[in-house]
Amino acid sequence: MQIEELFRIALGLESPWRVARVQFTEEAQRLELWLDFPAGSRFACPECGQRLCGAYDTTERTWRHLNFFQHATLLHARLPRVECPEHGVKIVAVPWARSQVGFTLLMEAYILLLVQSGMTPRQVARLIGEHDTRIWRLVRHYVEEARARADFSAVRSVGVDETSRARGHDYITVFLDLEGAERGRVLYACEGKEADTVRQFAEDFVAHGGVVEQVSEVCADMSRAYIKGVAENLPQAALTFDRFHIMKLVNEAVDEVRRQEAAERPELKGTRYLWLKNPENFTAHQEAQFEQVKRLRCRTQRAWFLKSVLQDIYRWESRENGAKLMKAWCAWATHSRLAPMVEVSRTLRRHWAGVVRWFESRITNGIVEAFNGLIQAAKRRARGFRTTANLVTMIYLLFGKLDLNIPAPLR
Ligand SMILES: [Zn+2]
């Protein structure tokens, strides 16, 4: 068997395509294949697929294929343009490539597989010896195509949360589906954390078959921007204030009480983590340490106790008494003479309806933690995302539950 015929079979090429020439360049460590078709071949119009047309002229193209052992492999071909009586002059579709990015289907499938299993496009680029902008173009191409097909018509419950690329910089607002089979999927992500992000979401939501009036529950933090954005753009939705954000406020208050008190009680030095960590996760040493500091009968301990009780209230299963318990907690915090706790209580009372909505809706945005994990990992990998737009693409890729329609051979 001739080497050209061997490669034709390996690539799965069918008539009229054949491998015309194979060349291996040792210095460049590169294998190149020229694909061609016999003169007079007829091709289907890429639009209608039915009419067979003769080649009208050709245009040169190159694709990067899977490596041949350690050697980069390039395919070259003259792509015929055909003139369909109905659709005009079109470049024919070829069986080995799909997007315009210049990779073969197998290479695309391989790259997507690597990116989906947690490598950043920059790492993939290094691995295969490509520039990372081409990898990003490919990922964006597949993500955009898959998002165009996404269907939001069944969505009723939405979570809104923000995450930042660097501490306090480049905010990204993420909208999640909080219910049903697609629970946890990212519906939309965009730059910023203003009320306008909710308007942008609503617009994109409708474009994907979503029904704004059907969204009956939204989970968010207590920021004015989201409250305003939801009121204006998702008018039928009841707001639930995310319990993880509320617990975060309470934890910050405990820490503030400890910081103030440590000035007069040196025994509190070095105990910060004890008051913030969940005692269920203590080591034996920390447990013993905590028993010691609890004997101090300090203000920090009272603040910590308030926090523990609120945690228990959030574990309360009954719908009926939840609001009552929450009210009792707020009254207790208000009279605690611990200024940071009094402040938390005031904040909760100002946002009362959304605070107690939790006992009905039971929705949280806990899953956004996964994005923060992704962002931290990207930072460790030498700022793998570079731009906010790239990070949004990765969030869709990893958390959008998109049907990427990855080329079949590796699916
Ligand atoms: Zn046609």
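Trainee: Ground rule before I start: helices here are DSSP runs of H or I, at least four residues, numbered from the N terminus. In which loop is R337 found?

Mentor: Remember that this is a predicted model. R337 is in the loop between α11 (322–334) and α12 (339–350).

Trainee: And what is phi of R337?

Mentor: Near 60 degrees. That is a positive value, and R337 is not a glycine.

Trainee: Why flag that?

Mentor: Most residues other than glycine have a negative phi.

Trainee: Is R337 buried or exposed?

Mentor: R337 is exposed, because it has 9 C-beta neighbours inside 10 Å. The exposed class takes 12 or fewer.

Trainee: Switching to peptide bonds. What about S15 to P16?

Mentor: The bond from S15 to P16 is cis, with omega near 10 degrees. As background, most peptide bonds are trans.

Trainee: Where does P16 sit?

Mentor: P16 belongs to the loop between α1 (3–11) and β1 (18–25).

Trainee: Then on to β1. How do β1 and β2 pair, parallel or antiparallel?

Mentor: Antiparallel, over 7 bridges, with β2 covering residues 30–36. R21 stands opposite W34 in β2.

Trainee: How many residues lie between the strands of that hairpin?

Mentor: The hairpin of β1 and β2 has 4 residues between its strands. Q29 in this hairpin takes a positive phi near 55 degrees.

Trainee: And β2 with β5, parallel or antiparallel?

Mentor: β2 and β5 (residues 71–84) run parallel, with 6 bridges. L31 stands opposite T73 in β5. β2 therefore pairs with β1 in the antiparallel sense and with β5 in the parallel sense, given that a pair needs at least two bridges.

Trainee: Zooming out. How many helices and strands does the protein have?

Mentor: 16 helices and 11 strands. The radius of gyration is 29 Å, well over the 22 Å from the globule rule for 411 residues, so the protein is more spread out than a compact globule.

Trainee: What box do the C-alpha atoms fill?

Mentor: Roughly 90 × 50 × 30 Å, along the principal axes.

Trainee: What share of the residues is buried?

Mentor: Buried residues are 33% of the 411.

Trainee: Last one. What about contacts between residues at least 24 apart?

Mentor: Take the contacts between residues at least 6 apart in sequence; 58% of these join residues at least 24 apart.

Terms used. Residues are numbered from 1 along each chain as its sequence is written. This is a predicted model: local features need pLDDT of at least 70, side-chain atom pairs count only at pLDDT 80 or more; totals for chains, interfaces and linings use all residues. Helices (H or I, at least four residues) and strands (E, at least two) are DSSP runs, numbered from the N terminus. A residue is buried if 20 or more other C-beta atoms lie within 10 Å of its own, exposed if 12 or fewer, and partly exposed in between; C-beta atoms are placed from the backbone. The radius of gyration is taken over C-alpha atoms; the globule rule is 2.2 Å times the number of residues to the power 0.38. Two residues are in contact if their C-beta atoms, placed from the backbone, lie within 7 Å.
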